[in-house]
Amino acid sequence: MTEAPPPPVLQMQHIAKTFGTVRALSDVSFAAHAGEVHALMGENGAGKSTLMKILSGAYHPDPGGEIRLAGKPVHIDGPAAARHAGIATIYQELALSPNLTVAENVFLGREMRRAGLIDRTAMAKACQPVLDRLAVPFSPGTRVAALSLAERQIVEIARALLARSRILVMDEPTTSLSSRETDRLFDLIRQLRAEGLAIIYISHRMAEIHELADRVSVLRDGRYIGTLTRAEMTEDALLRMMVGRDISGFYKKEHKPPEATRRVVLSVQDIADGKRVHGCSFEVHEGEVLGIAGLVGAGRTELARLVCGADRRIRGRIVLEGKEIAARTPGEVIDAGMVYLTEDRKLLGLFLDMSVRENIVTGVIGRDAHAGILDRAAARRRSAKAVAALSIRARSDAVVVGSLSGGNQQKALLARLLETKPRVVFLDEPTRGIDVGAKSEIYRLIDQLARAGMAIVVISSELPEIIGICDRALVMRDGAFAGELHATAEAPLSQEAVIAIATGAARRAA
Amino acid sequence: MDAAPEAKTIDAAPPARTRPGVGAWVQAVGMLPILVLLCIGFELMSHRFLTLQNVSIVTQQAAINIVMAAGMTFVILTGGIDLSVGSILAVAAMLAVIVSKLPGLGMLGIAAGLAGGVVFGAANGLLIALVRLPSFIVTLGALTAVRGVARLLGGDNTVFNAHLPFAFIGNGSFLGIPWLVVIAFVVVVVSWFLLRRTVFGMRVYAVGGNPDAAHLAGIKVWRVLLTVYVISGLLAGLGGVMSAARLYAANGLQLGQSYELDAIAAVILGGTSFTGGVGSIWGTLVGALIIAVLTNGLVLVGVSDIWQYIIKGLVIIIAVTLDRYRTGAART
């Protein structure tokens, strides 16, 4: 970073891409040098993934553009050509076969052979040093199905490392990693940078960009907006480039932190499932936003699912509005006034083939129906109101929900939950995988709901989010609460304190 | 993990699909031209396909499959399969004929057939919905076991009733339209109403589209599953009553053999996705008519029995190919 940069290992010039009549990219030029981490930022739909898919051979660019590797023009006409040219891409959707072992996945497509037969021993041996460097708790022989999402991501990284790539594209690699795993990944990325790789790093997270990137390029609406060096990267500058306007008050918190006298809406006592949650007790007050922080795997999602009836509890009491809830199924819990927003809206939340309207009214069609016959007028009214209230952007509420952007999908799912008029809302990673604009809208909505007196529990791996919107944070570790932090007007929640508790570095309540 | 969002936003790429109702309608229409072409083709080749008499025969032949395929549509929309409908049809037909011989209580044969269908459908449903066994395995077992029950009922003989009190169902007409066709049409309309206008129908689509999400959304998934297998059993029972009424007889060994395959083929031809959650009853109607037209037309133009098998089999494979092409994913 101190001396003049070496000639770029990658140059993409005047790249354009149209899908049908839609311009996804217009005249984008971009260069990455060996030995740098070059971050690529932009809202969803800005064209980052399209650009990287062109680089990795998944898409063909429109004629007129050019890709040069170390100064030489190359023609990348497919994923194999990209791999051969030394470009490795780690996508968000992992491309692993769960039924195969780690080593088999890492060598998939270029298996080591001896006398024509697969040489599992050699593959495991070649795989082991990379896994050691990543300090993972599994071995080459472990079946991928047995690994967590975070661990599977690391297998993907190992695969790219073993392919000895010169350019490594990482598309939001930390989405599913805990902060400890993230730190390890960052160490590794720095090491790879020192070894001369060019790393193109796509992320939404400011903190990561600050920590890692030597330069950052911003795309907006399929256009190249600019590149900032380390010295120029401020959060404000980046947000302004990404959104094209000023974003002030990104985290919205206008509701007042509840006083001690405020009514308790939900009280959970000593709840456990015998596996991942070992006796958790907590209370949520009227109009309060309670954060639940902790590392991935600490049991936060499991706790929320347990309280909301999605999984069976082996012990524990749940008292909602003074009434004990004996409910055992999500349906009964929803009827009692408590809803859960899943962290995985595509797998566990939405009916992707059904319309926005159908998705929104799913929870209440039974209440509106007469003798089991749908009240379609009521459904239309409800849906129209919810679409307006949450500003869900879709051509109409009759379009299939799967065709919406992540942010609008999330809002549609939220709308479904809110239609049931809940008293308590559990939001599990409410802004995962959605763009900056939609994020700030969801923060505003959470603030609104809290002001209206709803009790809200936010589970999040993004600490700035917990700190920005929550009145109080409980930190989970190994299936139990390890600490509690209160925000006051003078002293907001501190990121360091949360991390210290979550990792077990300190046991204290601020 | 969240999927890479960019290609999926409205801004970045034109949405490939419209809402399922319209999509399913397009699917049905997509197959309708094939039905029309087949009719025209058979007429040109035989010159007696489109006579009033033959059309009446074709629709009567299609009627029983339409009824069974309607039940199968519910099941496949939830992502399941019911292989036992042919055997249930046989049991229902046996029950209907046996009970019809009771002096003075002959009409109870209808109720007996329907009840038989419901009982076996419920048995399938309980195992699938509550014990959570795979539908393929449960109904594969039922396919064999229920066939055995059908043979048992008649002492492995054909049962006759020359004075079947409800024979009009199989041979009579209502306002000039054969009762079989009337029944099939009513079943289709009622199925459409259930699927598109009731809470239950919406839940069928929701459970088929994403069972985990349905559970979290508060839907009692087991109840939806149990209900669709009961409906499938009931309609297979109705198919049995219709068969018995047509033949004045039932045979536990032969009746309804491989009918489940015709029903499944009709549903898939109609554009209902094997993964569940997408499809319509109108598509199933068109699919069943295509199969009936093929069967009848191939006979009329003198294709040998052997080639009829081969062609019908290919149609099923083409149907699954279409399903795969449409959903863009490999499926069974």
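Start with the largest nonpolar core of this predicted model. Select A:I456, B:I66, B:V67 and B:M68: of the 192 residues in the core, these touch the most other members.

Next, select helix α10 of chain B, residues 221-247. This helix gives the core its largest share, 16 residues.

Stay with the core and colour two parts of chain A: domain 2 (249-337 + 422-510) and domain 3 (351-421). Both contribute residues, so the core lies between them.

Zoom in on B:I66. Which residues does B:I66 touch, leaving aside those up to four places away in sequence? Show B:A184, B:V187, B:V188, B:L285 and B:A288.

Now move to another core, of 69 residues, which lies apart from the largest one. Among its members are A:L40, A:I67, A:A124 and A:L238. In general, nonpolar side chains of soluble globular proteins tend to be buried together.

Last stop: a sheet in chain A. Select β14, β13, β16 and β17; in that order they form an open sheet of four strands, with antiparallel pairing. Which strands stand at the edges? They are β14 (278-285) and β17 (323-324) of chain A. Each has a single partner strand, so one side of each is left without a neighbour in the sheet.

Finish on strand β13 of chain A, residues 264-272. Six bridges join β13 to β14(A) in the antiparallel sense. Pick A:I271 and look across to β14(A): A:C280 stands opposite.

Note on methods: Residues numbered from 1 in each chain as written. Chains lettered and ligands numbered in written order. Predicted model: local features only at pLDDT ≥ 70, side-chain atom pairs only at ≥ 80, totals over all residues. Pairing = 2+ DSSP bridges. Helix = DSSP H or I, 4+ residues; strand = E, 2+ residues; numbered from the N terminus. Core = buried A, V, L, I, M, F, W, Y, C linked by C-beta atoms within 7 Å. Buried ≥ 20, exposed ≤ 12 C-beta atoms within 10 Å, placed from the backbone. Domains from an automatic or database assignment. Contact = placed C-beta atoms within 7 Å.
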